[in-house]
Amino acid sequence: MHAITISEPGGPEVLRWSAAPDPEPGPGEVLLRVAATAVNRADLLQRKGFYPPPAGSSPIVGLECSGTVAALGEGVSDWHVGDPACALLAGGGYAELVAVPAVQLMPIPSGVDLVTAAGLPEVACTVWSNVVHTARLGAGETLLVHGGAGGIGTHAIQVGKALGATVAVTAGSAERLTRCRELGADVTLNYREREFENEISADVILDNMGGKYLPRNVAALNRGGRLVVIGMQGGATGELNLGALLAKNASVTATGLRYRPVAEKGAITAAVVEHVWPMIAAGTVRPVVHEVLPIQRAADAHRMLEAGGVFGKLVLAVSS
């Protein structure tokens, strides 16, 4: 097969479309012939040498994909060769073939084409596992989403609205905030111009900034509020005022998907299929794709994401 390989840690130029060994599905795994994958910020970190795959996982970049089942590992009976599917991966998505635990496969949502579906697993699993499983967002509560124009943000806006929440977002331009409102955001703030903690009180905050926003997020929490940190774009450390947290009976949680055990990932994908896929089928939630590029232009896609102008997801189409 061919895959995007990394000659050495570095900039986008180290990404090369070249020959690589074919993966083999182990017990409980499925081999997917990849139709498309999608770009995540974690991919950029791995390219730079800062985010290694879990032990035993593919060293190839790519945390999600869509495709068709090419072969079944021992013990797999719920899938058949030729079935279309999308998958949450620990790695290996930037390739023509990838082996993935069967429990991390999901059917393609109704009304979504195979290529577009490649951009759904990471955002759907991240949002549902954090906003619902961890933070327990309820109808009538306020959800604040930082990075509302990104892949996770655009999905979180729609899921939050579908759950009956008031959704507030931050983003860096008037144009991006307008597009967030078109997705259903009720309150929008330009983080370059206004201080969100002085204008928003939230029950749940989904944060991709980490240390830089930690004290400001705590200030923005309502009593009993839940801050969930899923990224460190603003640094890994920040000052935590425990007095402010105690006074609000609030909580701070940091979570990730990639290093979770397979069984946990399987539970998350099952919940997404049960709860989120019907939202997509009904048109309440829709995939937001900025652009589809051929996999050979992975380096360009990384440059685009780093430049900051992407709204939603960048998808990389694979043609064998």
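Predicted model: local features only at pLDDT ≥ 70, side-chain atom pairs only at ≥ 80, totals over all residues.

**Exercise 1.** Determine where Thr166 lies and whether Thr166 is buried, partly exposed or exposed.

*Solution.* Begin with the secondary structure: Thr166 belongs to strand β9, which covers residues 166–171. Next, consider accessibility. The relative accessibility of Thr166 is 33%; buried means under 20% and exposed means over 50%. Thr166 therefore counts as partly exposed. Finally, list the contacts: beyond residues up to four places away in sequence, Thr166 touches Glu141, Thr142, Leu143 and Asp186. Ala185 is 19 residues from Thr166 in sequence, and their C-alpha atoms are 7.7 Å apart.

**Exercise 2.** Locate Glu197 and identify the residue with which its side chain makes a polar contact.

*Solution.* First, Glu197 is found in the loop between β10 (187–190) and β11 (202–207). Second, Glu197 counts as buried because its relative accessibility is 18%. Third, its side chain makes a polar contact of 3.0 Å with the side chain of Arg216. Leaving aside neighbours within four places in sequence, the residues in contact with Glu197 are Arg216, Ala219 and Ala220.

**Exercise 3.** Describe the largest nonpolar core and name the element that gives the most to it.

*Solution.* The largest nonpolar core has 42 residues, and Trp128, Val169, Val272 and Trp277 have the most contacts inside it. Elements that each supply at least two residues of this core include α2 (121–134), β9 and α7 (262–282). The most comes from α7, with 7 residues. Apart from this core lies another, of 36 residues, among them Ala3, Ala20, Val98 and Ala298.

Technical notes. Residues numbered from 1 in each chain as written. Heavy atoms only, no water. Helix = DSSP H or I, 4+ residues; strand = E, 2+ residues; numbered from the N terminus. Buried < 20%, exposed > 50% of the residue type's maximum accessible area, 1.4 Å probe, protein only. Contact = heavy atoms within 4.5 Å. Polar contact = N/O pair within 3.5 Å; in protein donor to acceptor, adjacent residues only side chain to side chain. Core = buried A, V, L, I, M, F, W, Y, C linked by side-chain atoms within 4.5 Å.
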